[in-house]
Amino acid sequence: TLLHIGGSLIAFSLLFLALGQAILVIIQNKLLKNAWNHPYLKALPPLATMERVWFWLILSCFTFLTISLITGLKVIHSIQQTSLLSKSLLALLAWV
């Protein structure tokens, strides 16, 4: 269960970081399209690098989310509680 909890915490932390990265990519893209010579642009890496980091964060998030879903299903199967079955099915549908 520690792997399940840890995987979930890491997955949601990475998802939150990916949200911040997405906001930075949007801001950087708008500044580049408007051709503003803003000091903010000089502090950031190139847009391609920012997008690569963003996709890496999303991929890592789904990896840890998959780990937490698999370990959660194993825990539910081992304790054989049918009340948690509907929640696990909804979690699997949300993942897909």
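Biologist: What should I know before I start?

Modeller: It's a predicted model, so local features need pLDDT of at least 70 and side-chain atom pairs count only at pLDDT 80 or more, while totals for chains, interfaces and linings use all residues. Residues are numbered from 1 along each chain as its sequence is written, and side-chain values use heavy atoms, with hydrogens and water left out.

Biologist: How many helices and strands does the protein have?

Modeller: Helices are DSSP runs of H or I with at least four residues, strands are E runs of at least two, and both are numbered from the N terminus. Here you get four helices and zero strands.

Biologist: Where is glutamine 21 found, and is glutamine 21 buried or exposed?

Modeller: Glutamine 21 is in helix α1, residues 2-33. Buried means under 20% relative accessible area, exposed over 50%, and partly exposed in between (1.4 Å probe, protein chains only). Glutamine 21 counts as buried because its relative accessibility is 11%.

Biologist: Which residues does glutamine 21 touch, not counting residues up to four places away in sequence?

Modeller: Contact means heavy atoms within 4.5 Å. On that basis, glutamine 21 touches Met50, Val53, Trp54 and Leu57.

Biologist: And how far does the whole thing stretch?

Modeller: Along its principal axes, the C-alpha trace spans about 60 × 20 × 15 Å. As for burial overall, buried residues make up 23% of the 96 residues. Contacts with a separation of 6 or more are 61% between residues 24 or more positions apart.
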